Amino acid sequence: MSYNVEYKDIGIRDYKETWDWQGKIFRILVDNKKSDNRVNTNDKNVIPGTLILVEHPHVYTLGKSGSESNLLINNIQLKAKEVSFYRIDRGGDITYHGPGQIVGYPIFDLETLGIGIKEYIFKLEEVVIRTISEYGLAGARLGKGTGVWFDPDIPGKARKICAIGVRASRFVTMHGFAFNVNTNLTYFDYINPCGFVDKGVTSLAKELNRQLDFENAKEIVKKNMQQVFDLKWTNH
């Protein structure tokens, strides 16, 4: 049975505002699962999941297990470059969000989907692998890390196009993926992306040597999310 999900394309939105918003949705789903008295029905799917696609103004986010030493500039330099910085409650280390990057926040009940967290991350990676394949590119997984890469096993050539970092409670997820489409990659020069010091970062625009239709790229991501996770869009 398909999983009912509300789809929200919210354009360009402040990171903290979006973090707070997805946190509210996340807590509703978690609290619903804690309750012994579900509203009207015992069906876990009575409250749908949510998929948010967004672009953020320039921001660095550091996961709860990450090290601030992977941020290579100080607060004065951050302000000069008009970049925000947040230590947040997802897994993973430091990453960058900015214009030209598709950030996806799936707030899903994995028990309703019938999958665990490892399969969930695998499926997020699959969404991006399928998406970039539609541009004639072959993405891959890194054996000891998450995300989507090009040439992950070739020293000096491995480069990441999509970072993944999630939080889960009672099998409800938040946070998600950051997929570089037309992203200005110079902002990655000021961090050790995801804690790596020996691997690069790339984008669709860099790999294809041209700017992409960003709205079309979002539609492809949306389509692949629907297919990979067997989603049914709802206006609940």
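**View 1. A right-handed β-α-β unit runs from strand 3 through helix 2 (residues 75–80) to strand 4.** Right-handed here means that, with the strands pointing away from the viewer, the path from the first strand over the helix to the second runs clockwise. Helices (H or I, at least four residues) and strands (E, at least two) are DSSP runs, numbered from the N terminus. This is a predicted model, with local features needing pLDDT of at least 70, side-chain atom pairs counting only at pLDDT 80 or more, and totals for chains, interfaces and linings using all residues. Residues are numbered from 1 along each chain as its sequence is written, and side-chain values use heavy atoms, leaving out hydrogens and water.

View 2. Pairing takes at least two DSSP bridges between two strands. Strand 3 goes parallel with strand 4 (residues 84–87) over four bridges, and Leu62 sits opposite Arg87 there. With strand 5 (residues 94–97), strand 3 pairs antiparallel, again over four bridges; Leu62 has Ile94 as its bridge partner, while Thr61 has Thr95.

**View 3. Strand 3 (residues 59–62) is covered on both faces.** Val59 and Thr61 on one side, and Tyr60 and Leu62 on the other, are all buried (under 20% relative accessible area, 1.4 Å probe, protein chains only).

Conventions:
Buried < 20%, exposed > 50% of the residue type's maximum accessible area, 1.4 Å probe, protein only.
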